[in-house]
Amino acid sequence: MTTLTGRALADAVHAQALTTVPATGALKLSWLLLAFPLFGAVVLLVGGRRTNRWGHLLGVAMPVAAFVYGAIAYFTLLGDTNREQDRHLYTYILVGRFQANVNLLIDPLSICFILLITGVGSLIIIYSVGYMAQDPNRRKFFGYMNLFVASMLLLVLADNYLVLYVGWEGVGLASYLLIGFWQDRNSAAVAAKKAFVVNRVGDAGLTLAIFLMFSAFGTVSFTGVFHQVPSGGNGVATALGFLLLLGACGKSAQVPLQSWLLDAMEGPTPVSALIHAATMVTAGVYLLVRSNPILAVTPDARLAIAVVGTVTLLFGGIIASAKDDIKKSLAGSTMSQIGYMFLGTGLGPEGYVFAIALLLAHGFYKAGLFLGSGSVIHGMNDEQDMRKYGGLYRFLPVTYVTFGLAYLAIIGIPPFSGFFVKDPIIEGDFTEHGAGGWVLGICALIGAGLTAFYMTRMMLMTWHGKRRWEAEAHPHESPPVMTWPMVILAIGSVGAGAFLIINDRLQNFLAPVVGVPPVSHGFVTTAGIVAFVLALAGVGLAWLMYGRIPVPAVAPQGNPLVVAARKDLYGDAFNESVLMRPGQWLTRLSVYFDNRGVDGLVNTTAALIGGTSGRWRRLQNGFVRSYALSMLAGAVILVALLLAVRL
Amino acid sequence: MTHVLAAGTNTDSIAVESVFWILAVAAVAAALAMILVPRAVHCALMLAVVMLCLATMYAMQGAPFLAFVQIIVYTGAVLMLFLFVLMLIGISSADSIVETIRGQRQAAGLAAIGLLILLILGIGHAALGPATLSKTAGGPGNLTGIATLIFTTYVFPFEVTGALLITAAVGAMVLAHRERATPRPTQRELAARRLASGHLAPDPSPGVYALHDSADRPALLPDGTTSEVSVSSVLSPRDPADERRFVPPEETLEITAESGEWEPSPSGKADS
Amino acid sequence: MSPVHYVALSVILFVIGAVGVLVRRNAIVVFMCIELMLNACNLAFVAFARMRGNLDGQVIAFFVMVVAAAEVVVGLAILMAVYRARRSASVDDANLLKY
């Protein structure tokens, strides 16, 4: 055996790492990760109103316990040479040669997500103790949140696509329940339905991918599929890539399945923070990064992922720039940032690490931004229109500082997180995918400028400038139960990027899962500098438009782009005309066909029989001579038959 | 003659052949006439002709017993029974020529022709051998042979047929029986009814006041006009205009309740 | 004459009788046509008896006559009963068992 070096060594490590070993030591208890939040959810939801008094405490304790175990698991994994450990729980399906187990896979990628979900999740759930204090259904809220945490953990812990799909559906359900949490609001119910239905379209893609895996490889486990994909033929891998992309688009609100994310802001702010910023919408990125051996074989799918990401980051940025509702603007921002993550994923081995890094950092600062906005909404008496904010920095100081730190992180100012994690992706565009890569890279640069623009707009409209409040507004700082999580998240926003990227820490950590990128950049690159300059330009432009001149209380008409952006760039109109109307026509056609065609057939048959029998009964005319005639005719026929047989 | 006819072999004499053809033609003609003539009595007579022809043919084929049974039982008893019932039911009822059921005649003709062709075809193909001499030709004779067969081989059908005859007779009696709805009135009841009605003497029988004693004279209605239906349709009623109208007498004599004297009746009408 | 001629004659008489049953409306005439058909069968039986050389055919013909007589008795009794009830001897008038 020759000694392997460099890339070959990395590939060998990667190939070897596709096999897993059974869990040992503390990792044998990894089922606790699922058990804690699931237990909380069951107790709170089944227990009902009896648990109202202490429900929130249980609801907080369970994710925190899961986080504690997650940390233990992380340090155990660090100390272990076998970085991919599989904890077998039970055999789910065993049919013929097909087997699907519920196994929990603890490996570097899943541990990142576990820490993110339980850590940021715990902080947000603690925050919601204060945010939902006045709500009579608070206990149910915590039940749903725990259900979500359990499902999301199942999603990232699964070691085969089928169990991943179970978690996938679980988070979809939790999202539906939480978006429509305030059931008395019609808009919330409609938004929840919309989210579920659009997600379903994406789920169809994931389902078909699982079917294809089963038919092509006979297995749906990660190790099984990843071992067979290189030999499976190009068509299968490309199809899988595109189908997985479709699934990821649905869950991560990428174009063309992006229309649900802005409406999902109908849910309470902690929901928006946890589900629609930090975790659920990143499940698509997880799926694609996990499936990197499949993507390694199909450059077409990777290009498609990169294109989708690029289109979405511009899409989200444009929408975010025109929205006056603070949460909707942040939702557009989320859409755009996840577009960056997809762009990173589409770059191949170069970009997986940075996509995950961006995902983790984004979890911190976007959650921080959402929690901050929740604090503002809470302080401004549930007012969400930024045109009615202004000059709040004196009144909500802690929120202002945390919000500001997160703001600096997101626009990519060094040394905050965004700078470290976003610029490598932009740099990677120019080196990958040839000429198309330049287009992607330029769009990403424009996106960076847009990000700075709309975030600065948000800052200026909310915290600075003249006070445009309603008469009865009394802005006040939030209680400590709400501010402490924001503080912790702010610390993360500040330091996460540097922590992950410097010394290639995350890269080395994730190497067994995603491989090693071929070429390593420093973290000060040309693209990075250009991006920084564009960000400053965006800040400046926003200050010109919103800082120097007073913000009008009523939104001005704006040019056609602004009008379009306010209407979500006609996403809903597009869906309606292309999908909903034809669907309705199809159903009407089916109903028509059923009524006229099928019923007509059945009724015609009945009428035919009735008519025929009506005719035939007239043979019984009561005349003996007619009957005698038929007897004679019958006798003639019989004789004829006899003769025919005998002659 | 019977022997000559009964000894029929393959080579029949000219006489036998010509007799057969004459009888055959007569039978077919009579049968056709039977189904075509409108009057029922004529049909019966034609049937009689057919039966007699057939009886002769039986005799020609060496079945003398059967021939006589045909004449005595079939023609003489069964056909006479037909005529008897005809007389009871409707000697005057003539079938109208118009066919009420659409297409019945055409269909019947078609089916009949079809059947004829098929059966003739069947016969033509069948291996019908020549006539063989009867085994009992010189032996016990036709009647003894039949009797032997009836009481040995066919004794069971014979017994069953006997039961059938009894059943038929009983059935006929049952069908002809009329159940009285009310008990039969006794003579005393009849007399009491007659007294109560005031109509003591029986009415004059039909024709008492008739001037003519002829079946083709129509009867008189109470008002003196003639009744057309009283003449059988097989007869043509004599024109009543030829005759004097019957003029009832000026008065009739009647016993009234009070006087006990014969007095003229106020109506001046004849008792009907 | 060979039996074939007799059988052919029997067929012709049978068919004529069948037509008569279908075409005539007077019940008694219909009955008489049925009798014609039976007679035709008798003729065929006798011809076959002559053909085969034994008397079985004649015995059967004899039984046919007996049965025909019984049938005529019952049939005419029924006819009488119907006539008494309906005052009509036409087969077309007994048409109540219809659709």
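Two strands are taken to pair if DSSP finds at least two bridges between them. In this predicted model, strand E1 (residues 21-22) of chain A and strand E2 (residues 85-95) of chain A run parallel and are joined by two bridges. Within this pairing, Val21(A) lies opposite Gln85(A) of E2(A). On E2(A), nine bridges also connect to strand E3 (residues 98-106) of chain A, in an antiparallel arrangement. Leu94(A) has Gln99(A) of E3(A) as its bridge partner.

The largest pocket has a volume of about 1,300 Å³. Its lining comprises 46 residues, of which Phe14(C), Ala18(C), Val21(C), Ile34(C) and Met37(C) lie nearest the centre. At least two lining residues each are supplied by helix H25 (624-646) of chain A, helix H5 (104-125) of chain B, and helices H1 (3-23), H2 (27-52) and H3 (56-86) of chain C. The most is given by H25(A), with eleven residues. By residue class, the lining of this pocket consists of 36 nonpolar, six polar and four charged residues.

For chain B, the mean pLDDT is 79, and 72% of the residues score at least 70. Among the elements of this chain, helix H3 (residues 40-60) of chain B has the highest mean pLDDT (94) and helix H1 (residues 2-6) of chain B the lowest (40). The pLDDT is below 50 over residues 1-9 of chain B, a stretch with twelve contacts in the model beyond near neighbours in sequence. Residues 268-272 of chain B also have a pLDDT below 50, with ten such contacts. Where pLDDT is low, predicted coordinates should not be read in detail.

Definitions and conventions. Residues numbered from 1 in each chain as written. Chains lettered and ligands numbered in written order. Predicted model: local features only at pLDDT ≥ 70, side-chain atom pairs only at ≥ 80, totals over all residues. Heavy atoms only, no water. 1 Å grid on protein atoms, 1.4 Å probe; cavity = no way out; pocket = protein on both sides within 12 Å on 5 of 7 lines; lining within 4 Å. Points joined across faces, edges and corners; volume = space filled by probe spheres on them. Helix = DSSP H or I, 4+ residues; strand = E, 2+ residues; numbered from the N terminus. Nonpolar A, V, L, I, M, F, W, Y, C, P; charged D, E, K, R; others polar. pLDDT = per-residue confidence, 0-100. Contact = heavy atoms within 4.5 Å.
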